[in-house]
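Subject: Structure for you to look over

Dear colleague,

I am passing on the structure that we talked about, and my notes follow it. Please read them with the model open beside you.

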Amino acid sequence: MFKSTLLFTASLLLLSSLKVKATPGDDQPYTQAKSVKYSLPEALKGTPLKKVVVDYNDIAYVLTPKGVYRTDEKGLVKDQRYTPLADKIPVDISIQEGSGHLFYLYADKWLTNGYAGVPYGVFPKGKFEQLAVAADGRVALVGEGAAAIFRNGKLQELKKPADKITSIQAFNGNFYALSAGAVYSITGNQFTILHKGNGLQAMAFRENEIVISTAKGYYGINLMNGDSSFVLQTKLPVENVNSLQIINNKLWAGTPAGAFMKEASGQYRYYASRRWLLDDKVISLAADSKGNAYVLSESGLNKIEFLNYTLLDKANLFQDNIRKRHIRYGFISNVTLTAPGDLSTAKMTDTDNDGLWSAFYLGSQAFRYSVTGDKNAKRYAWEAFEAFERIISINPLKGFPSRTFERKGFKVSDPEAWRNSQDPEWEWKGTTSSDEFVGYIFIASVLHEMVAETESEHKRVADFIDKILTHIIDNNYYFVDADGKPTLWGRWNPEYINSFPESVQDRKLGSAHILAGLQLAYTLTGKEKYKTEAYRLINEHGYVKNMLVSYTKIHETPGTIRMGIDLGSGGWNHSDDEMAFLTYWPLVNYAFTPELKAQYQWVIKDHWEIEKPERNALWNLISLATAGVYDAPSVSWHLQEWPLDQVRWRVKNSHRKDLVFLPDNFRKQTTEILLPPGERPLNRHNSNAFNLDGGENGLSELAGDEYLLPYWMGRFLKVIK
């Protein structure tokens with residue numbers, strides 16, 4: 001038997017002192033951001049959009065050269081409700097301060113439909129181009145060479161400054177005007193310079209302050225005297241700010257590369273890419289009474305809506321989406337889209353790791369059934385397991401699990417890896433890897449623990465894992481494909497595993513995989529050969545010793561060539577993290593002895609310390625369940641920040657000046673602070689969470705199963721109530 005060293009015993013005592021208890025938390029509603037997109041109707045395509053405003057009914061209006069359009073259930077429609085105005089084209093629209101009424105400026109008059117249509121004013125045609133309306137009913141008008149105030153039905157001309165006024169607004173009963181070189185207050189009958197600047201582009205008001213933007217950032221001035229209230233801010237997602245809006249006392253900025261919002265914490269939330277906007281060239285910003293932001297861009301109107309959501313609400317959404325378009329023969333399937341983001345064009349396709357990805361969904365249903373007793377969850381879990389059973393039966397090789405299968409002639413991924421099935425209607429994919437094996441042992445363990453309730457159900461699971469482990473043992477610890485050769489990544493043979501230096505993760509990982517599988521197979525089948533083989537690998541080949549090498553010792557080790565591939569180069573392999581954490585569940589739960597279990601727990605704690613910056617909810621919860629350690633705030637943060645939109649849009653963050661970038665490093669951690677999932681490229685858990693750029697241009701959609709598994713595991717562990 002493997003003997004613990006004194007050093008390791010000391011480490012175990014340290015682990016015991018670091019264990020924490022899960023703190024249950026009610027699933028209280030939180031703020032969930034959602035994108036609502038209003039595409040342009042055919043009549044507006046190619047037409048330059050000018051401005052968006054929102055009235056007190058929370059109807060958004062868009063000013064265009066073809067008239068005023070508004071939002072309704074169908075999107076943007078021409079506003080034809082008032083017949084006398086239906087064919088008229090305003091030069092400007094504005095919302096009255098306080099009342100929220102919509103006012104129109106035409107070439108020769110201004111008017112509103114509010115107040116029974118009473119307020120209006122006339123003037124010489126073509127004189128004014130902009131208006132603002134104060135709470136007391138005064139209307140400020142500005143044109144290229146003229147300015148005036150309408151007060152008590154009379155037009156009072158003002159002496160306009162020589163520079164071009166780009167914006168006029170009402171705030172706290174006063175009018176303010178902006179040009180490229182100055183901010184003016186309009187007092188009495190004249191424009192008074194409040195502040196001089198250069199390249200001023202937009203202004204917004206909050207309390208006693210005016211926020212002013214430029215192409216190089218934004219700054220603040222005192223509303224009363226124009227003195228600086230805060231200096232130019234340049235550490236921004238995008239420096240060139242062309243529009244500003246204050247929403248619920250938070251600053252929103254529009255730029256040629258998306259919109260951003262400054263939180264109370266001082267951090268910025270960046271809303272860019274098709275995940276949030278129809279396009280990133282922002283023209284105008286507005287807000288409704290609920291605190292939602294309207295972002296007008298070249299391609300149409302976008303709303304960033306903030307909803308009261310619970311984690312269960314999100315789980316139900318993904319669950320429904322999966323059942324509608326992500327189940328392929330029981331496998332979980334990402335879908336490809338013929339048209340970017342158009343889910344009506346969705347097609348389910350095979351992938352290189354159907355078994356591994358399906359383990360997330362099957363696992364989520366196992367935990368859901370354990371928590372809720374919902375019979376549908378049990379049905380979905382067994383439905384997925386049928387696909388796992390068929391990966392063995394669909395090929396003629398004894399106990400060899402196919403990567404996936406498809407009806408003949410419709411395969412997509414890696415065509416050269418496919419073989420004909422003994423069933424002439426089907427094909428199966430070979431080259432099965434350790435990624436898939438990890439999926440098998442994870443789903444077998446959770447099915448056995450949480451879903452199987454009868455002797456026959458337990459036997460189904462045991463037979464599945466028995467066939468696979470028998471194949472591995474009978475083939476000298478390899479997956480052997482149809483060509484009679486080991487697959488590239490299905491290798492657990494001691495000669496192969498121990499050929500790696502300790503600094504390469506494959507040595508640790510392969511040892512953990514096969515020991516977890518052998519332990520599980522022994523428990524499920526009772527066959528002594530599995531325990532015998534496990535201890536042979538432990539005692540004769542040092543597989544537990546391999547695992548006890550700290551993750552802090554993993555580093556770049558060039559020249560570690562296997563099958564023509566340098567496995568010691570390229571930085572940290574985040575796919576290995578995924579495989580390790582899924583392995584930890586059966587590794588600990590089916591440990592032969594308390595001593596082995598304690599050693600495995602040390603391995604997990606050591607790994608968790610390395611992974612903490614990535615704030616992954618699933619890695620944290622598996623660490624909690626197996627080793628008693630986790631980061632509770634990161635679990636909530638990760639699940640709450642997981643975006644509703646699972647389309648893989650192209651995302652870019654590497655240009656952002658608000659991020660603190662780190663020097664190139666082995667872990668490939670690019671920034672000091674991890675971006676929220678809603679701002680990052682949407683990837684599976686086997687990718688680097690610190691990737692700043694990426695995506696598939698909206699041509700595929702993930703299923704949301706990688707949210708469901710940690711959510712229901714959190715419910716199972718009573719971290720979420």
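The second largest pocket holds about 940 Å³ of space, where a pocket is, on a 1 Å grid over the protein atoms alone, an open set of points where a 1.4 Å probe fits, with protein on both sides within 12 Å along at least five of seven lines, and where a volume is the space filled by probe spheres set on the points, which are joined across faces, edges and corners. Its lining (residues with an atom within 4 Å of a point) comprises 42 residues, of which Glu-263, Gln-267, Tyr-268, Arg-269 and Glu-679 are the closest to its centre. At least two lining residues each come from β1 (30-39), β23 (250-255), β24 (258-262), β25 (268-271) and α15 (632-641), and β1 gives the most, with 4 residues. Helices (H or I, at least four residues) and strands (E, at least two) are DSSP runs here, numbered from the N terminus. By class this lining divides into 19 nonpolar, 11 polar and 12 charged residues, with Ala, Val, Leu, Ile, Met, Phe, Trp, Tyr, Cys and Pro counted as nonpolar, Asp, Glu, Lys and Arg as charged, and the others, Gly among them, as polar.

Before going further, please bear in mind that this is a predicted model, in which local features need pLDDT of at least 70 and side-chain atom pairs count only at pLDDT 80 or more, whereas totals for chains, interfaces and linings use all residues. Residues are numbered from 1 along each chain as its sequence is written, and side-chain values use heavy atoms, with hydrogens and water left out.

As for the chain as a whole, its secondary structure comes to 16 helices and 40 strands, and its C-alpha trace spans about 100 × 55 × 45 Å along the principal axes. Of its 721 residues, 58% count as buried, that is, under 20% relative accessible area with a 1.4 Å probe and protein chains only, against over 50% for exposed and partly exposed in between. Among contacts (heavy atoms within 4.5 Å) between residues at least 6 apart in sequence, 60% join residues at least 24 apart.

Leaving aside residues up to four places away in sequence, Met-713 touches Phe-367, Phe-442, Trp-585, Leu-618, Leu-621 and Ile-622.

Across the whole structure there are 39 aromatic pairs, in which rings of Phe, Tyr and Trp (its six-membered ring) have centres within 6.5 Å, with planes under 30 degrees apart counted as stacked, over 60 as edge-to-face and the rest as tilted. Tyr-184 and Phe-191 make an edge-to-face pair, because their ring centres are 5.9 Å apart and their planes lie at 85°. Phe-400 and Trp-428 are also edge-to-face, with centres 6.1 Å apart and planes at 65°. Since Phe-400 lies in the loop between α5 (375-393) and β33 (404-407) and Trp-428 in strand β35 (residues 426-429), this pair ties together parts that are 28 residues apart in sequence. Both Phe-400 and Trp-428 are buried.

Best wishes
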